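Thanks for making time this morning.

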Amino acid sequence: MSKPRVKLSGTDYGLLLRLEWDSPLPQLLVELEEYLQQSPKFFAGAQVLLEIGSRPVLQQDLEQLAVVLLRYGVTLQGVVPILDGLERRPPPAAHAMFTPAPLDPLTSLHLEQRTVRSGEKVAADGHVIIMGDVNPGAEVIAGYNIFVWGALRGSAYAGVPDHEEAIIAALHFAPIQLRIAGHIARPPEARPSASGTPELARIDENAIVVEAWERGRGGFYKRG
Amino acid sequence: MAGRVITVTSGKGGVGKTTFSANVSAALAELGKKAVAVDTDVGLRNLDIVMGLENRIVYDLVDVVEGRCRLQKAIIRDKRIATLHMLPAAQTRDKSAVSPDAMEKICAELRSQFDFTIIDSPAGIESGFQNAIAGADEVVIVTTPHVSAIRDADRVIGLLEAAEKQQIFLVINRLQAAMVRRGDMLDIPDILDILAIELLGIIPEDESIVVSSNRGELAALHAASPAGQAYKNIARRLLGEDAPLMPVDEDKGLLKWLARLFKGRAL
């Protein structure tokens, strides 16, 4: 076995990708792809710097490399000259090296396309969308909003731990228990089982209120 | 021969799994299919009692798993219907005596010998349940119109989906016609709405089941029993025939109500 022709190493500047530039570009692309294929999940979400040394590299070559990288979820951050010596420091532990850049929880979405059944739990830092029902005995937990495109019959905890602006919305709203940030609510005993219209729960004056979604009211935002 | 292995399960105990397994096996056998009912409730064996075969047990499932006898020797042939068979569980052992791997092997062997292998599972979702579903091609969930039974059924369906079982059917047992008419019983549409799996049949409450189970007689072999009729219909539906979801002789009002219920539903 010859020495690896594609190498990824951790440096103080982040992940550094090294290629054997003596090969023509098409071969480099193949070698890079083979390298990434070894553990595609491992690389997903990583950001790398490409070491190009002092040689001239064509923009279009870089683009082709970036496309291959992107196919495996790797973003090409930039190019650097030879970074000799930088990797002398021991690289951080492998799991830390490849931790993907943190997603912004405000914009991250977790989509679940199934019926969430009794005893099952769906949890995510950002918003959670369920395409299907949430059955009694199931739990949905989100850092921000929860949308159920189906029937909500289980428990939903939105805005965990303290995002009071979070809402919980469902087409058929019949939860066992709701929580938004620190507030807990359960439907009143006398409540007729779901009104037939989509409803949503939010915090209003320190309590969870549930109201029907109405057309033309400006979506999910608070009035006034 | 490549037969079908169907596991009968529920999560909750006491909903009628064993009675269902015994009677549907018998109904399939009576329709000319070679059927075997398998008891996987090691330590709490019951199927033999319901089928009236208790006094004929020599070897059992655990003997087969542990190599003390061949599968053939442990299978009991029913004397009422030549095509009906039973493989009993061990009574003096526990669930750890069997493993999912061992069950898969036994199911493969049964599949090659029988048209239908009906596996009666223990209550619960622990190792006994895992053993029972290991070799299954299809799964029948038995539930009653009670909130707790439906909750457990939902839990089990979730576990089956996670185990990538594709064919999951629902049987609603012990439906009380009078209570349904009064609106005192959980609505069937509500049950179907929550569980969202295909309905295979509805079995009416039938006091004679208690008597026949205690005596080891099979209701499915008695024309007079409404539940027995329902078991026969389910057997026919398993064979792809267009049998009613519920016995028709029960009650005209209920029938009309059911007809309304299933209008527009693909069943």
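In strand E2 of chain A, Leu19(A) is the bridge partner of Val6(A). That pair belongs to E1(A) and E2(A), residues 14–19, which run antiparallel and are joined by six bridges. Helices and strands here are DSSP runs, at least four residues of H or I for a helix and at least two of E for a strand, numbered from the N terminus. Two strands pair if DSSP finds at least two bridges between them.

Before going on, some housekeeping. This is a predicted model, in which local features need pLDDT of at least 70 and side-chain atom pairs count only at pLDDT 80 or more, while totals for chains, interfaces and linings use all residues. Residues are numbered from 1 along each chain as its sequence is written, and chains are lettered from A and ligands numbered from 1 in the order in which they are written.

Back to the sheet. The strand order is E1-E2-E3-E4 in chain A, an open sheet of four strands with mixed pairing. E1 (6–11) and E4 (75–80) of chain A are at the edges with a single partner strand each, so one side of each has no neighbour in the sheet. From one strand to the next the twist averages 30 degrees. Helix H3 of chain A, residues 59–71, packs on this sheet and touches E3 (47–51) and E4 of chain A. The direction of H3(A) makes about 145 degrees with that of E4(A). Axes are lines fitted to C-alpha atoms, for helices over the stretch in contact, and angles run from 0 to 180 degrees between N-to-C directions.

Next, helix H1 of chain A, residues 25–37. Its 13 residues should span 18 Å at 1.5 Å a residue, and the end C-alpha atoms are 18 Å apart, which agrees. The expected span is 1.5 Å times one less than the number of residues. Which residues of H1(A) are buried? They are Leu28(A), Leu32(A) and Leu36(A). These cover an arc of only 65 degrees around the axis, so they are on the same side of H1(A). The arc is that of the directions from the helix axis to the C-beta atoms. Buried means that 20 or more other C-beta atoms lie within 10 Å of a residue's own, exposed means 12 or fewer, and partly exposed is in between, with C-beta atoms placed from the backbone. The other side of H1(A) has Pro26(A), Val30(A), Glu34(A) and Gln37(A) exposed. The buried residues of H1(A) pack against E1, E2, H2 (40–43) and H3 of chain A, where contact means C-beta atoms, placed from the backbone, within 7 Å.

Now chain B, starting with helix H5, residues 100–113. The buried residues in H5(B) are Met103(B), Ile106(B), Cys107(B) and Leu110(B). Their arc around the axis is only 105 degrees, which puts them on the same side of H5(B). Asp101(B), Ala108(B) and Ser112(B) are exposed, on the face turned away from the buried side of H5(B). Among the elements covering the buried residues of H5(B) are E1 (4–9), E2 and H6 (127–134) of chain B.

Strand E4 of chain B, residues 84–87, is covered on both faces. Leu84(B) and Met86(B) are buried on one side, and His85(B) and Leu87(B) are buried on the other. In a regular strand the side chains alternate between the two faces of the sheet. E2(B), residues 35–39, runs parallel to E4(B) with four bridges, and Ala35(B) has Leu84(B) as its bridge partner. E3(B), residues 76–77, pairs with E4(B) in the antiparallel sense over two bridges; there Arg77(B) stands opposite His85(B). E3(B) and E4(B) form a hairpin with six residues between them.

Strand E6 of chain B, residues 138–143, has five of its six residues buried, so it is largely enclosed by the rest of the structure. E6(B) pairs in the parallel sense with E1(B) over four bridges and with E7(B), residues 167–175, over six bridges. Thr7(B) has Val139(B) as its partner in E6(B), and Val140(B) has Phe169(B) in E7(B).

Last, one loop residue. Lys33(B) sits between H1 (17–30) and E2 of chain B. Lys33(B) and Asp115(B) are 82 residues apart in sequence, yet 5.9 Å apart in space, C-alpha to C-alpha.

Key. Two residues are in contact if their C-beta atoms, placed from the backbone, lie within 7 Å.
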